[in-house]
Amino acid sequence: MTSMSDFDKLGDDGSNTGVVIKSKPKTKKPSHYKVLMLNDDYTPMEFVVHVLERFFHKNRDEATSIMLHVHRRGVGVCGIFTYEVAETKVAQVMDFARRHQHPLQCILEKA
Ligand code: TYC
């Protein structure tokens, strides 16, 4: 007696035309975070400009423009980074400000 092959039983005609199911990639794209600078009444403007040059690689004009934006509006973006880089920048700025006894505050916000 003739019997069906295993391919036939599975509805596969052996022509390699089956549905391709993509598996979910196991790696995630890194999420990005804004580093925000907050205004205060005591930190000298020149110190904020120096922080933006030193830790965010801004030139003098860019740093001055960001500092004045924060001074006038209360908050401004220093840059957008992966979480790991952003938290390192915040820690570096907070430590630098503390060592110079300025109340400058820097925070993370999901981009
Ligand atoms: N407001 C401060 C002053 O008048 C300057 C300043 C700007 C402080 C930006 C903090 O993130 C800041 N001396």
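This is a predicted model: local features need pLDDT of at least 70, side-chain atom pairs count only at pLDDT 80 or more; totals for chains, interfaces and linings use all residues.

**Starting at F56**

I looked up F56 first, and F56 is buried, with a relative accessible area of 6%. My cut-offs for that word: buried is under 20% relative accessible area, exposed is over 50%, and partly exposed is in between, with a 1.4 Å probe and protein chains only.

Residues are numbered from 1 along each chain as its sequence is written, and side-chain values use heavy atoms, with hydrogens and water left out.

Where does F56 sit? I found F56 in helix α2. I take helices as DSSP runs of H or I with at least four residues and strands as E runs with at least two, numbered from the N terminus.

Then I listed what F56 touches, skipping neighbours within four places in sequence: V35, V51, C78, F81, K89 and V93. Contact here means heavy atoms within 4.5 Å. I also checked G79, which is 23 residues from F56 along the chain, and the two C-alpha atoms are 7.1 Å apart.

**The whole chain**

I stepped back to see the layout. I counted four helices and three strands in the protein, and from the N terminus they run α-β-α-α-β-α-β. The protein has 111 residues, and 26% of them count as buried.

Of the contacts between residues at least 6 apart in sequence, 72% join residues at least 24 apart. The exposed surface comes to about 8500 Å², with carbon and sulfur atoms supplying 54% of it. Accessible areas are from the Shrake-Rupley method with a 1.4 Å probe, and for residues only the protein chains shown count as cover.

**The core**

Which residues have the most contacts inside the largest nonpolar core? I got V35, M37, V51, L52, F56, V93 and L104, in a core of 23 residues. Such a core is a set of buried Ala, Val, Leu, Ile, Met, Phe, Trp, Tyr and Cys residues joined through side-chain atoms within 4.5 Å. The elements that give two or more residues to this core are β1, α2, α3, β2 (75-82) and α4 (83-99). Helix α2 gives the most, with seven residues. In soluble globular proteins, nonpolar side chains tend to be buried together.

V35 lies in strand β1 and is buried, at a relative accessible area of 0%. Leaving out neighbours within four places, V35 is in contact with residues including F56, C78, F81, K89 and I107. Its C-alpha atom is 8.2 Å from that of E87, 52 residues away along the chain.

L52 is in helix α2, and L52 is buried as well, with a relative accessible area of 0%. Beyond its neighbours within four places, L52 contacts M37, H57, K58, A63, I66, M67 and C78. I make L52 and C78 26 residues apart in sequence and 7.1 Å apart in space, C-alpha to C-alpha.

**Around the ligand**

Next I listed the residues surrounding the ligand: M37, L38, N39, D40, T43, M45, V48, M67, V70, H71 and L104.

I then looked at atom pairs. A backbone N or O atom of L38 lies 2.8 Å from an oxygen atom of the ligand. A polar backbone atom of D40 is 2.7 Å from a ligand nitrogen. In H71, a side-chain N or O atom is 2.9 Å from a nitrogen atom of the ligand.

How much of the ligand does the protein cover? I noted 89% of the 350 Å² of accessible area that the ligand has on its own. The elements giving two or more residues to the shell are β1 (32-38), α2 (45-56) and α3 (60-73), and α3 has the largest share, three residues.

**Two loop residues**

Last, I checked for positive phi outside glycine. H57 has a phi of about 55 degrees, sits in the loop between α2 and α3 and is exposed, with a relative accessible area of 62%. Q101 has a phi near 60 degrees, is found in the loop between α4 and β3 (105-110) and is exposed at 74%.

Methods: A residue is near a molecule or strand if one of its heavy atoms lies within 4 Å of it. A polar contact is a pair of N or O atoms within 3.5 Å; within protein, one must be able to donate a hydrogen and the other to accept it, and residues adjacent in sequence count only if both atoms are side-chain atoms.
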